[in-house]
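Morning, everyone. I have one structure to show you today.

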Amino acid sequence: MESNPRMSDVSDGALVELAALLDRLAADGETVAVAESLTGGLVCSTLVAVPGASRVVAGGIVAYQTDVKATVLGVSESLLAERGAVDPDVALAMARAVRSKFGATIGLSTTGVAGPDRQDGVAVGTVFVALVSDRDDVVEKFEFDGTRDDIRHLAVGASLRLLENSLHAE
């Protein structure tokens, strides 16, 4: 997958790659739902840039504020209070919750700090991406450099790669 897909300028090549990914998901009978924090809907928006994405993209939830992660996604308030929103277990809880809420076979989530300031003592550029399915519960940590916009878009690329890699793992 392209490492820095931007919704406003998703290239024809990136759309072809995304279409192939969605075709593979459809062929495997998979559906995906996305819970996003720092990416603010960019992952879901990138996926639905492909015509016909509705056959596999169930939907998404933008849980940008910490309390929304608890109230909408049901992430444990004690976990959020103890570790903050930028945590691997929070990312996994977000992915599990969105998968369940949409009845999807795959839940994908992003949480992190795009800046300009640290959050809960976590450095700018720290990102967790999680994927939950019947086959996998995977969370990956990234430490990206760049502007706020760069970090958000790098997180989108990381999410799409994780989704793609989960299909190759079969």
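Start with helix α1, residues 12-27, and helix α6, residues 148-168. This is a predicted model, so keep that in mind throughout. The two helices pack at an angle of about 45 degrees, and their axes are 11 Å apart. Are they parallel, perpendicular or oblique? Roughly parallel would need an angle under 35 degrees, and roughly perpendicular would need 65 to 115. So α1 and α6 are oblique to each other.

Which way do they cross? The crossing of α1 over α6 is left-handed.

Now the residues that meet. From α1 we have L18, L21, R24 and L25. Facing them from α6 are L160, L163, E164, L167 and H168. Sorted by class, this contact has six nonpolar residues, one polar residue and two charged ones.

Step back to the whole chain. How many helices and strands does the chain have? There are six helices and five strands. Walk along the sequence and the pattern reads α-β-α-β-α-α-α-β-β-β-α.

Next, overall dimensions. The C-alpha atoms fill a box of roughly 40 × 30 × 25 Å along the principal axes. For 170 residues, a compact globule would have a radius of gyration near 15 Å. The chain has 15 Å, so the two agree.

Now zoom in on one loop, the one between β3 (106-112) and β4 (126-132). P116 lies in that loop. The peptide bond from G115 to P116 is cis, with omega near 20 degrees. D120 lies in the loop between β3 and β4 too. D120 has a positive phi, about 50 degrees, although D120 is not a glycine.

Last topic: confidence. The mean pLDDT of the chain is 93. Of its residues, 94% reach 70 or more. Where does pLDDT stay under 50? That happens over residues 1-9. The model still has 28 contacts beyond four places in sequence for that stretch. Where pLDDT is low, the predicted coordinates should not be read in detail.

Methods. Residues are numbered from 1 along each chain as its sequence is written. This is a predicted model: local features need pLDDT of at least 70, side-chain atom pairs count only at pLDDT 80 or more; totals for chains, interfaces and linings use all residues. Side-chain values use heavy atoms; hydrogens and water are left out. Axes are lines fitted to C-alpha atoms, for helices over the stretch in contact, and angles run from 0 to 180 degrees between N-to-C directions. Helices (H or I, at least four residues) and strands (E, at least two) are DSSP runs, numbered from the N terminus. Angles under 35 degrees count as roughly parallel, over 145 as roughly antiparallel, 65 to 115 as roughly perpendicular and the rest as oblique. A crossing is left-handed if the near helix is turned anticlockwise from the far one by less than a right angle, and right-handed if clockwise. Contact means heavy atoms within 4.5 Å. Ala, Val, Leu, Ile, Met, Phe, Trp, Tyr, Cys and Pro count as nonpolar, Asp, Glu, Lys and Arg as charged, and the others, Gly among them, as polar. pLDDT is the predictor's confidence in each residue, from 0 to 100. The radius of gyration is taken over C-alpha atoms; the globule rule is 2.2 Å times the number of residues to the power 0.38.
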